[in-house]
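Dear colleague,

Please find the structure below, handed over for your own work. My notes on what was found in it follow directly after.

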Amino acid sequence: MSVKAFELVPAVERDLLMGDKARINIECIECCGKHLYVGTNDCFIHHFLLDEVTSSKGKLSYSSQKLLHKYLGLKKPVAELRAASALERLIVLCDGIVFLVDMVTLETVPSAAGGGVKIRGVTAFCINENPVSGDPFCVEIAVLCSKRRTVQIYMVYEDRVQLVKEMNTPQQPCAVSLDGYFLCLALATQYMILNYNTGASQDLFPYNSEERRPIVKWINREEFLLAAPGGLGMFANAEGISQRAPVKWSESVIAAAVCFPYVVALDENFITIHSMLDQQLKQTLSFRDGHILQDFEGKVMLASTKAVYVLVPLPLERQIQDLLASRRVEEALILTEGAQRNIPKDKFQILHRRILQQAGFIQFGQLQFLEAKEHFRKGELDVRELISLYPLLLPASSSFTRCHPPLHEFADLNHLAQGDQEKVLQCKRFLISYLGEVRSTEMVNGCREDVDTALLKLYAEQDHESLLDLLATENACVLADSVPWLEKYHKYFALGLLYHYHCQDSAAVKLWIRVADGDLQDSTRSGLFEYIVDFLCSSSSQDLVWKHADWALQKDPTIGVHIFTKRPAGKDHTDLNPDDVITYLGKHNHALLLYLEHLVLERRIQKEKLHTHLAVLYLERVLSLLSKSPTDAEQLNRARERLQAFLRESNLYRVQFLLGKMENCEQLLLERATLHGKLEEHDKALHILVHKLRDFPSAEAFCIWASSSRDSAYRQRLFHLLLGVYLDGSPGKGQTANDGGGKLEMAAVDLLNQHGEVFDPVRVLRMLPEGWSLQLLRPFLNRAVRASMHACRTSQIALGLAHSENLQLLHDRLKERKKPILVSEKKGCHLCHNTFSEPAVVCLPGGVPVHTHCVAQRVRDSPTKRHLTNSSNHT
Amino acid sequence: MPDLSKMKKPDVKVVLLGDMNVGKTSLLHRYMERKFKDTISTVGGAFFLKQWGPYNISIWDTAGREQFHGLGSMYCRGAAAVILTYDVTNWQSLAELEERFLSLTDTANHDCIYALVGNKADLTDPRAQLPPEAAGLPEDQTEEERTEPRVPSACPTPPASPTSPSGALLHKQVAGEDAAALYGRILRYKGLDEKGSLPAEKMCFETSAKTGYNVDALFETLFDLVLPSILRKRHENQESPTVDLEDFRGVGTKRARSTCC
Ligand SMILES: Nc1nc2c(ncn2[C@@H]2O[C@H](COP(=O)(O)OP(=O)(O)O)[C@@H](O)[C@H]2O)c(=O)[nH]1
Ligand SMILES: [Mg+2]
């Protein structure tokens, strides 16, 4: 594949040079600035002035004007021409003689007095490209001589030449280049490097100069380009090392030159152009009869036998664009990066970035997304260039316009995909992932809105799960643009989130309500109702709450009431006033109940009003269930249990008020009993339980409950009361025996046998009817007797123990008394810490001696004026 | 004059030598690009730059063709490591190394290291047919096989087992010990003491560019071994200033080659 890197432009055409004289051929050329010299086979030098002309279309051409021509008088072809512009001389090789010619007049320079100006027997010469002498008015040349195996180094001055050095070579040299002290030579069978200063030599590689014409071309500081076997162009430096990979020419290559980054070579029919960057052949130009290819100060010129041409490099950018146009991304990038050193840094960066971006778009168009992404990233692409490919993604408010000239050839995604929906989809997926990656980087500084809005649109359209994440976190989606888009794709839940993000909670809730009510379809969120309730619950806007609570309560009071019950405690927003809420909930009975439960049971607010209200609601519920027929037993039970539990547990409600409310209700006896209990009207309570309800277990439970936080005497009193109630109703007291009476008797017996420990047995025995059998009360009596025995024995043991303790203490005391007590002047009193001065002391228990007055003092101070001490004699 | 030397100056050079078709280019591709692709016959030579830590290593692929033979010495000049490559299914390719290629290494650094690489192991060895990760888990005996060259008569190419992925294996013409023996002769040719040099077990590899078998191990072993050479070179460069073409910060720090009036 080819690039157009160069254009061949005629410089001097046949007419101008030789007219119709067919036998005249060009032998050599030299160009120095605008001056072009041409040597011909008829021993003429022609001098032209070469002007660059750029047409209005930017096309370059040359106009040449002949200044002079001169016959050198040797009848032999002019073999070489080299300009030494500082000397205003042309160094000419003709007929094996090197001599000097004036650059302007073309007159041969005569020999000066001091030395010759001619070198004879020369086959070839070259100029030192990197002169070692500092003299600007002197040119160094290396000369190859026809007979001897030598190389000579000369200094060329304005009017003389001076031999500096002569070096022997192992074989006859046939081509030469010179850089500093380094001669690069083609010998008969090999190339070599020769240092004419040190004499050191370095073989490069073998080459048969007889078979193929060798090429020794200086290309760069201490670097040469050589024709190698197999038509290779080999690079070698002065150390004999190759630092660049070779290029492949044809076998018949005649001449070569470097015009970075290209190697230009000439063979019989073609000019070939290889890149030094990747070794590849980039361009081939056909060129007949070519025999000269030389570069002059960067300008590559060619000559056929009859005419002269300039090989004009196309501007680098143009070449790169050509490569890109043929989608040769890698090569374009290599070429760009290869030019880094030749372009000012800032200019290079701009170019490089642009090429990277273009490369990215080419790969994008080929769906090579990974590569494209890498190039976009490296090229710091404005993401909007990419977004703008996708119709309608950029928000209407975006100020973006595509860069000019365009980075790619695509009008939009549809154009790119040519109707292939799968392609479109892939591109969209790519953009989703790409935007997702870059949106949090500084690459999107200044266009966050565009990026986020585009991403939102793609998410919505592609039904992408990240849509909600995008909206729930910090984002810059443009509302005006996103609303219709989300509506279009029925993403109402997401739209609500967006409204919320833009502080339009009211709009959000309204929209969600429509979805929850089924007016709009969006299945994004299951449990949307609960979500709305949660949302209202945590909303700090009371207005919003009051406005939509009704809807929520109607839809489901149990959940709806969460708006009030689940509000985060405290926090920044002033909380709703419970009284307001209660008033508000007036018409929502069930919700009100739940709310009161929340206040009373969860938040444990100790307010009589609330407790009474809740109790009344419980009661009302029970009553309303009772009034229904048929009654739902299960529901009723549950309602009553609640009521009962509350009546038992709360101490704040107004008991009388509630009692009044159920006074006439014969079905709520248990509740009434509880209320009586609350009023400490235990007899009434027990009466109800025993006589009306005949619910003995409840009666017992009542006793336990009513005395639960009291002392045992209180409990005993209650149990005796219950026993009394049982016994009063039993036939033993003169009533007619019936079922009921017998049952009460049994209840009394059970009570005694089960709770015997609570009772005072003596009082019980007095209460019991005479006729009861002992057998019946055996458990009770057993326990009573055993308990009393136990108490008796326990107290006897206690007595005994106290007695023995007393004896033990007595014994200790006697023992202490007999012990000697040591008193000395060195020992201090334990109470005042002064020493003893007289033998009379008092001894504390344990034999501790103290002053008598100290003890007296202590006894006086102590509230119990016991005598602790005994006086003892000093021993 | 444009500056031609845009390339990073390599710190060290590694050269692949060997007869044509043994798989030098393929080995280099496998290592650099992690794939095995069709190669076209290498023209003259080519090279890759490999970033190895802070160092740049240039790896030269040479052309095995007789035509380009003369260039070999030049490629080897200043090399820190030479990879002598043969084809395990081709006895002649090993012989060529000794006959034609060994002499090319005369221009390499005096402390150049040599690796002997038998490529296309996938054709003879079932282990090398697996991707490198899988082949890395040897059975009990394989470890031994790798370090101690097999006696060819006692144990020729193992018969293709039913579990072998590709069934038919080619005859292995070059046994590990043949390579080890050649390695010994290389050391002798270089006038190196066998004891003071890297052992054959370490420097003889069998690889497959096709499956990647042992390829990373080969290059990475070499890079680790040439590191001292890099350091020495850096050191030398600091000692004797030369004109660094890469150095465009100006000549202030370095002595100019020619003085100017
Ligand atoms: N089976 C197999 N074939 C290989 C291997 N390496 C290279 N080849 C093949 O051998 C031929 C020559 O390879 P190439 O790399 O060009 O060899 P070079 O001349 O040394 O550079 C090509 O057809 C490759 O496909 C390998 O490890 N296994
Ligand atoms: Mg190859």
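Which of the 18 residues around ligand 1 come nearest? They are B:Asn21, B:Thr25, B:Ser26, B:Thr39 and B:Asp122. Please keep in mind throughout that this is a predicted model.

**The ligand site**

Two of these residues also make polar side-chain contacts with ligand 1. In B:Ser26, a polar side-chain atom lies 2.6 Å from an oxygen atom of the ligand. In B:Asp122, an N or O atom of the side chain is 2.6 Å from a nitrogen atom of the ligand. Taken alone, ligand 1 exposes 570 Å², of which the protein buries 83%.

As to the make-up of the shell around ligand 1, eight of its residues are polar, five are nonpolar and five are charged. Helix 1 of chain B, spanning residues 24–33, supplies the largest share of that shell, with three residues.

**A helix pair in chain B**

Elsewhere in chain B, helix 3 (residues 91–101) packs with helix 6 (residues 176–189). Their axes are 11 Å apart and meet at an angle of about 5°. Angles under 35 degrees count as roughly parallel, and helix 3 and helix 6 of chain B are therefore roughly parallel to each other. On the side of helix 3, the contact is made by B:Trp91, B:Leu94, B:Leu97 and B:Glu98; on the side of helix 6, by B:Asp178, B:Leu182 and B:Arg185. By class, this contact has four nonpolar and three charged residues, and no polar ones.

**Backbone features in chain A**

- A:Phe260 and A:Pro261 are joined by a cis peptide bond, with omega about 0°. A:Pro261 is found in the loop between strand 22 (255–259) and strand 23 (262–266).
- The peptide bond from A:His404 to A:Pro405 is also cis, its omega being near 0°. A:Pro405 has its place in the loop between helix 6 (383–387) and helix 7 (413–417) of chain A.
- A:Asp289, a residue other than glycine, has a positive phi, near 60°. The loop that holds A:Asp289 runs between strand 25 (281–286) and strand 26 (290–296).

With kind regards

Definitions and conventions
Residues numbered from 1 in each chain as written. Chains lettered and ligands numbered in written order. Predicted model: local features only at pLDDT ≥ 70, side-chain atom pairs only at ≥ 80, totals over all residues. Heavy atoms only, no water. Near = heavy atom within 4 Å. Polar contact = N/O pair within 3.5 Å; in protein donor to acceptor, adjacent residues only side chain to side chain. Areas by Shrake-Rupley, 256 points an atom, 1.4 Å probe, with all protein chains shown as cover. Helix = DSSP H or I, 4+ residues; strand = E, 2+ residues; numbered from the N terminus. Nonpolar A, V, L, I, M, F, W, Y, C, P; charged D, E, K, R; others polar. Axes fitted to C-alpha atoms, helices over the stretch in contact; angles between N-to-C directions. Parallel < 35°, antiparallel > 145°, perpendicular 65-115°, else oblique. Contact = heavy atoms within 4.5 Å.
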